[in-house]
Amino acid sequence: MLTIGEAMKKARLEKGYSQNALSFKALISVQNIANWEAGRAYPNIINLISIADALNISLDELVGRTVRR
């Protein structure tokens, strides 16, 4: 299972965004994004929503969660 930072980086790269581009779209500092992806810090739910919206994906996709049924 991926960490939140790893899942965030994977989603960002799949969309073809640099950290700078995601920072601009999500209105979050590039330093925060870099720290989250590196596992040095963790985003709060508001930031996760902003990132998911900027990437046009669900929160589940962003954090690497798969739904079990």
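Glutamate 14 and lysine 10 sit 4 residues apart in helix 1, which puts about one helical turn between them. Keep in mind that this is a predicted model. The side chains of these two residues meet in a salt bridge, with 2.8 Å from N to O, and the structure holds 2 salt bridges. The other pairing brings in helix 3, where glutamate 37 partners arginine 12 of helix 1.

- Side chains of opposite charge can pair when their charged atoms come close.
- An α-helix has 3.6 residues a turn, so residues three or four places apart point the same way.
- Is glutamate 14 buried or exposed? Glutamate 14 is exposed, at a relative accessible area of 58%.
- Lysine 10 comes out as partly exposed, with a relative accessible area of 44%.

**The arginine 12–glutamate 37 pair**

- Arginine 12 and glutamate 37 form a salt bridge whose closest N and O atoms are 2.7 Å apart.
- This pair ties together distant parts of the chain, since arginine 12 belongs to helix 1 and glutamate 37 to helix 3, 25 residues apart.
- Arginine 12 counts as buried, with a relative accessibility of 6%.
- Glutamate 37 counts as buried too, at 11% relative accessibility.

**Helix 3 and what it packs on**

- Helix 3 covers residues 30-38, and its buried residues are Ile33, Trp36 and Glu37.
- Looking down the axis of helix 3, you'd find those buried residues within an arc of 95°, so they line one face of the helix.
- Which helices do the buried residues of helix 3 pack against? They pack against helix 1 (4-14), helix 2 (19-26) and helix 4 (45-55).
- Just past the end of helix 3, glycine 39 takes a positive phi of about 80°.

- Glycine 5 is part of helix 1, and it counts as buried at 5% relative accessibility.
- How far apart are the C-alpha atoms of glycine 5 and glutamate 37? They are separated by 3.8 Å, although the two residues are 32 residues apart along the chain.

Notes. Residues numbered from 1 in each chain as written. Predicted model: local features only at pLDDT ≥ 70, side-chain atom pairs only at ≥ 80, totals over all residues. Heavy atoms only, no water. Buried < 20%, exposed > 50% of the residue type's maximum accessible area, 1.4 Å probe, protein only. Helix = DSSP H or I, 4+ residues; strand = E, 2+ residues; numbered from the N terminus. Arc of directions from axis to C-beta. Contact = heavy atoms within 4.5 Å. Salt bridge = Lys/Arg side-chain N within 4 Å of Asp/Glu carboxyl O.
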